[in-house]
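Please open the structure in your viewer and keep the selection tool at hand.

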Amino acid sequence: PPAHARAQNITTVALRREQRLNIVRHLIKKLLVDELQVSGDITEDSALAELGVNSLELADLVMHCEEEFGVEISDDDIRTFITVGDLVRFLESKQK
């Protein structure tokens, strides 16, 4: 395909990824607020522990994410979720 068609395709793929990330971000924030009663400013840089999410609540959050996104999250994966962004990027990567 011509260069402009390839560039347009790359832009479309990037937009779709950004849209997926936005949807995942929104749903994670909603779960944190609605299910775990987290309050305050929630950003991707927010550490889950600093938001008051303990290990039991993290397990609850993971269960909700598995149901909401139709994915299975292993214990090894859970150990990598330090920030909200870690969880968002993991879930977005599973939405391909």
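Two residues are in contact when heavy atoms of theirs lie within 4.5 Å. The model is a predicted one, in which local features need pLDDT of at least 70, side-chain atom pairs count only at pLDDT 80 or more, and totals for chains, interfaces and linings use all residues. Residues are numbered from 1 along each chain as its sequence is written, and side-chain values use heavy atoms, with hydrogens and water left out.

Select Ile-73 to begin. Not counting residues up to four places away in sequence, Ile-73 touches Val-62, Cys-65, Glu-66, Ile-78, Phe-81, Phe-90 and Leu-91.

Next, select Ile-28, Leu-32 and Cys-65 together with Ile-73 and Leu-91: these have the most contacts inside the largest nonpolar core, which has 26 residues. A nonpolar core is a set of buried Ala, Val, Leu, Ile, Met, Phe, Trp, Tyr and Cys residues joined through side-chain atoms within 4.5 Å; buried means under 20% relative accessible area, with a 1.4 Å probe and protein chains only. Helices α1, α2 and α4 are the elements that give two or more residues to this core, and α1 provides the largest share, six residues. Helices here are DSSP runs (H or I, at least four residues), numbered from the N terminus.

Now select residues 84-93, helix α4. Seven of its 10 residues are buried, so α4 is largely enclosed by the rest of the structure. Among the buried ones are Val-84, Phe-90 and Leu-91.

Finally, select Ser-46, in the loop between α1 (3-34) and α2 (55-69). Ser-46 counts as buried because its relative accessibility is 11%. Leaving aside neighbours within four places in sequence, Ser-46 is in contact with Asp-41, Leu-51, Ile-82, Thr-83 and Val-84.

Technical notes. Buried means under 20% relative accessible area, exposed over 50%, partly exposed in between (1.4 Å probe, protein chains only).
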